[in-house]
Amino acid sequence: MRNLLFVAALAAAGTAGADCLKDGDSVMLSGKVVAKVFPGPPNYYSIQQGDQPENAWLLVLDKPECVQARSEDNGAIYTLPGPVQVVQMAFKTQGVADLYSQMIGHHVQAAGMLAVNSSPHVHAPAVLGVDAMKKSFPW
């Protein structure tokens with residue numbers, strides 16, 4: 001069943017067009033999954049100084065990607081500075097994240113929607129809303 005979902009997500013991902021991935025695109029990315037703890041509320045500065053720990057899953061991409069988004073201020077398209085090398089992974093529920101927990105530290109292919117977000121809870125230039133993920137080899 002999981003393989004069927006992955007194939008369906010890959011079919012929906014398609015190509016991003018031009019040279020840049022775009023905010024809102026369905027994409028398939030590959031890289032290594034890393035779990036990291038960041039300082040959260042109230043100050044998003046230091047766990048040692050009392051900020052709550054925030055757990056995040058990051059996908060360290062095999063190939064840095066150009067990412068474009070639309071400005072919330074004026075609607076203009078802009079390119080994120082430098083190539084994006086890491087995206088934060090988001091899952092619909094904790095249960096889905098639990099299913100994929102054995103993939104931390106492994107190379108994967110992940111399919112889902114790419115989003116550019118400025119929330120203090122996002123610790124990477126972009127977020128991948130994961131629809132499907134499978135272990136893969138890095139070649």
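Reader: What share of the contacts in the protein chain with a separation of 6 or more comes from residues 24 or more positions apart?

Author: The model is predicted: local features need pLDDT of at least 70 and side-chain atom pairs count only at pLDDT 80 or more, while totals for chains, interfaces and linings use all residues. Numbering starts from 1 along each chain as its sequence is written, and side-chain values use heavy atoms, without hydrogens and water. Contact means heavy atoms within 4.5 Å. For contacts in the protein chain with a separation of 6 or more, the share from residues 24 or more positions apart is 65%.

Reader: In what order do the elements of the protein chain run from the N terminus?

Author: Helices (H or I, at least four residues) and strands (E, at least two) are DSSP runs, numbered from the N terminus. The protein chain has 2 helices and 7 strands. Their order is α-β-β-β-β-β-α-β-β.

Reader: Which strand pairs with strand 3 in the parallel sense?

Author: Two strands pair if DSSP finds at least two bridges between them. Strand 3 runs antiparallel to strand 2, with 9 bridges, and antiparallel to strand 5, with 5 bridges. Strand 4 (residues 77–79) is also antiparallel to strand 3, with 3 bridges. The parallel pairing, over 3 bridges, is with strand 1.

Reader: Is Cys66 buried or exposed, or in between?

Author: Buried means under 20% relative accessible area, exposed over 50% and partly exposed in between, with a 1.4 Å probe and protein chains only. Cys20 has 9% and is buried. Cys66 has 24% relative accessibility and therefore counts as partly exposed.

Reader: Which residues form one aromatic cluster?

Author: Rings of Phe, Tyr and Trp (its six-membered ring) pair if their centres lie within 6.5 Å; planes under 30 degrees apart are stacked, over 60 edge-to-face and the rest tilted. Trp57 and Phe91 are edge-to-face, at 4.8 Å centre to centre and 75° between the planes. The rings of Phe91 and Tyr100 have centres 5.9 Å apart and planes at 40°, so that pair is tilted. The cluster consists of Trp57, Phe91 and Tyr100.

Reader: What is the relative accessibility of Tyr100?

Author: Trp57 is buried at 14%, and Phe91 is buried at 18%. Tyr100 also counts as buried, and its relative accessibility is 6%.

Reader: Which residues touch the most other members of the largest nonpolar core?

Author: A nonpolar core is a set of buried Ala, Val, Leu, Ile, Met, Phe, Trp, Tyr and Cys residues joined through side-chain atoms within 4.5 Å. Elements giving two or more residues to this core include strand 2 (26–39), strand 3 (53–70) and strand 5 (84–90). Of its 26 residues, those that touch the most other members are Leu29, Leu59, Val87, Met89, Phe91, Tyr100 and Met133.

Reader: Which residue in strand 5 is the bridge partner of Trp57?

Author: Strand 3 and strand 5 run antiparallel. In strand 5, the bridge partner of Trp57 is Met89.
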